[in-house]
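Please take a moment to look over the chain below before reading on. The paragraphs that follow go through some of its parts in turn.

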Amino acid sequence: MNNLALSMLSPTTSGFPPSTRPSKPVSNATATRCRATLSGDAALRAFRAHHLAGRALDANPALLPALAACARLPAGAVEAEQVHALLVKCGVPRAVSGAHACTSLVRAYARLGRVCDARKVFDGMLDRTVVTWNVLLDALVRAGDLDAAWEVFVEMPQRNVVSWNTMITGFARLGWAQEAVDLFVEMAGFYGLAPDEATMVGFISAVRDIGLLGLGRSAHGYVLRRELSIDGALGVALISMYTKCGSMGAAHNCFSSVSNKSLEHWTSVITGFAAHGPPEMALSLFGEMRQLGIEPNGVTFVAVLNACSHGGFVNEGFKYFSLMRSMGIKPTIQHYGCLIDLLGRAGFLEEAFNLASNLPEDPGFVIWSSLLAACRSHGNVEMAELAASKLADAKPSHGSSYMLLSNTYARAKQWEDLKKTRRRMEEHGVKKKPGLSWIEVDGSVHSFATADKLHAESESIYQMLADLKHNLVSAAYEPELFALSEQL
């Protein structure tokens with residue numbers, strides 16, 4: 001499937017295959033669209049004025065702007081209900097397309113979070129356009145109901161690029177990355193629709209989550225050949241994809257090619273260098289961004305503090321934290337977590353523990369895990385026990401606290417304490433999920449666990465490892481062994 005996506009994005013192909021399943025012809029029914037520059041309260045006031053003057057709905061030019069205003073205003077639900085009641089009482093005016101007016105009502109209810117009411121209006125419509133279907137589809141995706149959205153998508157008598165984009169983006173945003181990639185292949189390969197910027201944003205986001213760097217590069221090539229703009233969300237998606245895959249050179253090149261860089265572009269590339277290094281590059285980019293007059297937000301400062309943590313820049317980290325507060329950005333648990341990680345990595349375990357214990361809210365699993373890992377790295381058994389206790393309180397059934405504490409005891413050669421910890425794991429039925437490693441080969445991602453023998457090529461892989469071991473022994477290489485099992 002991924003190879004098919006690669007072939008469709010390849011420069012050797014002249015385009016996309018013709019559709020083998022033609023869509024139904026678009027209806028010839030026409031509708032008079034009411035265009036107005038009125039917005040928000042002004043549109044509603046105009047609608048009320050015409051209504052109070054005794055004008056019928058077909059003589060009220062503010063009907064459609066009023067429905068659009070209901071979708072934008074926080075308190076628009078009551079207004080939407082009143083307009084809805086008028087439509088039911090008086091009937092849809094002849095001067096306005098029934099489908100268009102009802103579609104606007106569906107959109108108003110959907111944007112107000114009343115998806116059930118939007119669905120009721122939709123189900124009561126006799127005349128629906130592809131726009132109507134797309135509005136309902138978007139409402140269901142925004143509500144996170146992918147099952148209902150998929151049912152609507154399958155039932156649609158006609159789909160356009162917007163329909164496909166909505167589902168692809170929904171799958172990618174809600175964690176169904178492989179389904180998003182498969183749907184992209186179906187859209188472009190089977191139905192012959194050319195992806196636009198919105199399609200590529202959803203597709204590249206899915207590729208990022210799966211970690212398919214090769215497919216991501218091909219998608220980038222398609223964007224360049226089609227001359228799609230990367231000044232907006234598409235550029236951010238590409239940079240994020242490269243950084244997630246650890247290809248920082250490509251990420252920086254993509255970032256440099258953006259003509260009009262937004263805060264999101266800067267934050268994405270800074271986040272990448274903060275995670276993969278060098279951290280100095282992240283801080284340099286942050287300084288360059290500020291010199292250009294682009295103000296950072298809380299997400300940007302999370303990336304900057306992460307860079308300080310990974311680089312061991314303790315003083316700089318607290319300076320940036322103070323800068324953030326001076327700019328009126330309220331610290332969140334993520335910012336405090338970065339500071340605790342910064343202190344822990346640098347060996348200031350007591351300070352990190354005190355900060356975690358005095359936070360305005362519960363530090364949670366991630367922060368205590370970070371602190372426990374730091375205790376293990378620095379061999380501080382006493383502090384590790386305290387952190388492990390806090391971590392066990394946060395998630396009693398999670399195996400990380402036991403494993404990190406066991407490793408701390410092992411490094412300190414406290415074998416009896418290690419055995420007790422392992423026995424407690426068995427008594428409480430705690431099992432740690434095995435860690436997985438991924439590698440991409442020919443557009444497919446392969447995952448492995450320790451001593452894994454479930455892979456289809458397992459026999460060949462172990463034969464290769466045996467050959468490598470033989471070559472190392474022949475070269476007189478002597479590995480440093482640490483047989484933990486002998487101590488248990």
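How much of the span of residues 297-331 is helix, and how far apart do its end C-alpha atoms lie? The span is 77% helix and 0% strand, and its end C-alpha atoms lie 11 Å apart. Helices here are DSSP runs of H or I with at least four residues, strands are runs of E with at least two, and both are numbered from the N terminus. This is a predicted model, in which local features need pLDDT of at least 70 and side-chain atom pairs count only at pLDDT 80 or more, while totals for chains, interfaces and linings use all residues. Residues are numbered from 1 along each chain as its sequence is written, and side-chain values use heavy atoms, with hydrogens and water left out.

For residues 129-163, the end C-alpha atoms lie 12 Å apart, and the span is 74% helix and 0% strand.

We can turn next to pairs of charged side chains. A salt bridge is counted when a side-chain nitrogen of Lys or Arg is within 4 Å of a carboxyl oxygen of Asp or Glu, and by this rule the count comes to 5 salt bridges. One of them joins Arg142 and Asp138, with N and O 2.7 Å apart; these two residues are 4 residues apart in helix 7 (residues 130-142), and therefore about one helical turn separates them. Arg142 is exposed at 56% relative accessibility, whereas Asp138 is partly exposed at 21%, where buried means under 20% relative accessible area, exposed over 50% and partly exposed in between, with a 1.4 Å probe and protein chains only.

Another salt bridge links Arg345 with Asp341, the closest N and O atoms being 2.8 Å apart, and both residues lie in helix 19 (residues 333-345), again 4 residues apart, or about one turn of the helix. Here Arg345 is partly exposed at 45%, while Asp341 is buried at 14%. Arg114 and Asp117 also meet in a salt bridge, at 2.8 Å from N to O; Arg114 has a relative accessible area of 25% and is partly exposed, and Asp117 is partly exposed too, at 22%.

Among the residues away from these pairs is Tyr222, which has its place in helix 12 (residues 213-225). Is Tyr222 buried or exposed? Tyr222 is buried, with a relative accessible area of 4%. The C-alpha atoms of Tyr222 and Pro195 are 9.6 Å apart, although 27 residues separate the two along the chain.

Finally, two details of the backbone deserve a look. Most residues other than glycine have a negative phi, and most peptide bonds are trans. In Glu227, however, phi is near 55 degrees, a positive value in a residue other than glycine; Glu227 is found in the loop between helix 12 and helix 13 (233-244) and is exposed, at 71% relative accessibility. The peptide bond from Gly277 to Pro278 is cis, with omega near -5 degrees, and Pro278 has its place in the loop between helix 15 (263-276) and helix 16 (279-291).
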